[in-house]
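Please keep the coordinates open while reading.

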Amino acid sequence: MHYISVENLTKSFVEKALFVDISFNISQGDKIALVAKNGSGKTSLLRVLAGKDTADSGKVWINKDVSVSFLDQNPVFEDDKTVLENILNHKHPVIEAVREYELALESGDDMKVGDMMHKIDELNAWNFENKVKEILTSLNVTNLEQKAGSLSGGQKKRLSLAKVLIDISFGDRNNFLILDEPTNHLDFEMIEWLADFLSDNKTTLLLVTHDRFFLDAVCNEILEMENQQLYVHRGNFENYLMRKAEREEADSASLDKARNTYRKELEWMRKQPKARTVKSKSRQDAFYEVEEKATSRKPEDKLELNVKMQRLGGKILELKKVYKSYGDKPILKSFDYTFKRGERIGIIGKNGVGKSTFLNIIMGLENADSGKINTGETVVFGYFSQQGLVLKEDKRVIEFVKDIAEHFPLADGTKVSAGQFLQLFQFTPEQQFTFISKLSGGEKKRLQLLSILFRNPNFLILDEPTNDLDLVTLNVLENFLEQYQGCVMIVSHDRYFMDKLVDHLFVFEGEGEVNDFPGNYSQWRYDKERGRRMESLTNQNKPEYKIEEKKAAAPAPTATNTAPTTKRKLSFKERNEFEKLEKEVPALEKKKEELNEKVNSGTLPYDELNKAIAELGSVSQELEEKELRWLELSEFA
């Protein structure tokens with residue numbers, strides 16, 4: 001089914017053309033990532049497709065049977081209403097049907113109850129409450145009675161994401177989901193859950209993300225906007241990089257060839273008019289075409305930084321018996337650590353466990369409750385905070401950098417001017433005289449990063465540095481950090497970024513507990529999963545007859561009971577659960593049978609056999625619990 005057609009779309013911002021005459025189509029089942037440099041118009045294009053903005057010219061056609069849901073970077077809520085009221089305050093066929101069903105139950109109108117049960121059957125929505133609960137819990141939206149106006153920016157972003165996911169989860173509508181940086185303000189577990197949700201869901205999707213792990217897990221196509229044009233790449237991020245490199249190499253060769261031809265033709269054109277006859281008119285026309293191509297810009301040079309770092313002394317940073325709490329919530333309990341030269345430490349943990357507080361304590365922006373923090377005399381911190389730049393928005397970009405220093409020293413002893421340094425960070429001479437208020441969110445982040453490196457720090461502390469940065473700048477930052485000789489401490493939910501850069505992790509477990517893990521995030525995750533499998537394997541040897549005993553014994557009490565005069569009806573939640581169990585129990589029985597055959601086949605390698613045994617134990621236990629609950633509910637169904 002054809003969802004969206006875009007034809008010759010053009011959009012400008014102030015005097016800058018973002019995209020010109022771009023065209024593309026989106027069909028049912030497509031999961032597309034939109035990739036471009038900051039300031040190229042990614043968010044503008046999403047807002048045009050979502051109907052939140054208009055293009056200067058061109059057409060956007062959306063199938064009348066398609067419902068569009070949009071996750072904006074800056075969500076808007078009714079601040080005086082609760083979280084739950086904001087989630088359920090829009091018209092949605094499932095939400096309205098559930099409300100009517102509950103009202104009919106309360107009024108005792110059996111005919112109305114029957115009608116609404118039929119309606120909910122049609123909408124396939126008996127699992128509405130459980131699905132909503134799953135989405136809200138997975139995104140850590142827990143206090144449903146809290147006023148929306150009191151939420152932080154990250155909480156509002158998660159609430160907005162929960163709202164659009166609930167919106168697409170029910171009914172048989174054709175959904176088209178537009179997501180602008182959906183992984184911002186999510187921790188690792190939330191990102192992995194969201195990747196699984198979108199991969200399994202049949203929703204058609206267009207998203208902007210800087211998270212390459214998430215992109216690869218979810219998307220099967222990449223749209224790249226560059227130099228106001230659009231390029232389509234099928235496949236994953238690695239394939240996109242390979243095809244992009246091939247295109248740039250071909251463009252560079254074509255440009256060199258055009259410039260050689262241009263030099264020859266320019267010499268001919270400069271001859272006296274008498275040397276040119278009427279017969280050469282076609283050659284003159286061809287010259288102007290070659291001239292246009294030859295004078296076009298070369299592909300932009302890749303950003304390379306060779307920073308002259310301040311020397312680090314023998315003593316860097318020591319934390320001894322550091323305690324920190326907020327009220328009765330502990331953040332650090334007797335934390336001890338001595339930092340060594342060249343360390344690369346990643347910090348992970350769920351949102352709200354105190355990662356940013358820990359960084360603020362190190363930087364001296366917050367005081368610990370007790371303990372000692374000793375910082376070496378030669379240490380120069382560079383702190384990239386989540387808050388971003390705090391400055392006057394009416395200042396020009398070049399003025400902001402020159403306020404720090406006029407020149408930037410490189411490792412080879414040379415210097416570059418503030419303007420040259422800005423060009424390395426992809427700020428053209430025209431953009432350098434732009435007011436900061438006119439920059440996009442990603443461009444402001446890039447300027448923030450530039451301002452930190454311009455001070456030549458030898459201890460970098462990066463708190464969510466990947467949020468809102470484009471993939472080009474991310475690759476540059478990674479390459480720079482790989483060569484960086486100072487200490488680096490990173491808080492990030494970008495799995496790819498963390499895996500590439502850190503040597504070990506501070507894992508914030510909550511309740512003030514911080515564990516030091518020797519490895520990157522993927523290694524920690526593997527270690528954690530292996531621990532769970534070993535625990536499951538230990539518990540898997542439960543006797544199989546227990547299930548049969550309980551199955552046989554469970555109906556006995558009901559046989560001797562006298563049936564009540566009025567049989568109570570299942571509530572919406574119970575009926576939802578019963579309907580779900582009717583599908584889950586047979587599926588689990590089938591899965592258990594298949595696993596038994598696998599385990600008894602004698603053909604599995606050792607690792608796979610252990611995995612199958614562990615899974616069999618888990619499935620058997622789950623089946624036992626669900627069968628008992630089904631028997632309990634079936635009495636009233």
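Helices (H or I, at least four residues) and strands (E, at least two) are DSSP runs, numbered from the N terminus. The model is predicted: local features need pLDDT of at least 70, side-chain atom pairs count only at pLDDT 80 or more, and totals for chains, interfaces and linings use all residues. Residues are numbered from 1 along each chain as its sequence is written, and side-chain values use heavy atoms, with hydrogens and water left out.

**Cavity**

- The structure holds 1 cavity of 30 Å³ or more, a cavity being a set of points on a 1 Å grid over the protein atoms alone where a 1.4 Å probe fits but cannot get out.
- The largest cavity contains about 60 Å³ of space, where a volume is the space filled by probe spheres set on the points.
- Its lining, meaning residues with an atom within 4 Å of a point, consists of Val35, Ala36, Lys37, Glu224, Met225, Glu226, Tyr240, Lys244, Leu471 and Val472.
- At least two lining residues of the largest cavity come from each of strand S8 (221-226), helix H9 (237-269) and helix H16 (471-483); S8 gives the largest share, 3 residues.
- The lining of the largest cavity comprises 6 nonpolar, no polar and 4 charged residues (Ala, Val, Leu, Ile, Met, Phe, Trp, Tyr, Cys and Pro count as nonpolar, Asp, Glu, Lys and Arg as charged, and the others, Gly among them, as polar).

**Helices H6 and H7**

- Helix H6 (residues 153-168) packs with helix H7 (residues 188-200) at an angle of about 20°, their axes being 13 Å apart (axes are lines fitted to C-alpha atoms, for helices over the stretch in contact, and angles run from 0 to 180 degrees between N-to-C directions).
- H6 is therefore roughly parallel to H7, a term for angles under 35 degrees, with those over 145 counting as roughly antiparallel, 65 to 115 as roughly perpendicular and the rest as oblique.
- Arg158, Leu161, Leu165 and Ile168 of H6 make the contact with Met190, Trp193, Leu194, Phe197 and Leu198 of H7, where contact means heavy atoms within 4.5 Å.
- The residues of this contact of H6 with H7 are 8 nonpolar, no polar and 1 charged.

- Helix H5 (residues 128-138) and H7 pack at an angle of about 145°, with axes 10 Å apart.
- On H5, Lys131, Glu134, Ile135 and Ser138 make the contact, and on H7, Met190, Trp193 and Phe197.
- The contact of H5 with H7 divides into 4 nonpolar, 1 polar and 2 charged residues.
- H5 and H6 pack at about 155°, with their axes 10 Å apart, which means that H5 is roughly antiparallel to H6.
- Val132, Ile135 and Leu136 in H5 meet Ala162, Leu165 and Ile166 in H6, a contact of 6 nonpolar, no polar and no charged residues.

Definitions and conventions
1 Å grid on protein atoms, 1.4 Å probe; cavity = no way out; pocket = protein on both sides within 12 Å on 5 of 7 lines; lining within 4 Å.
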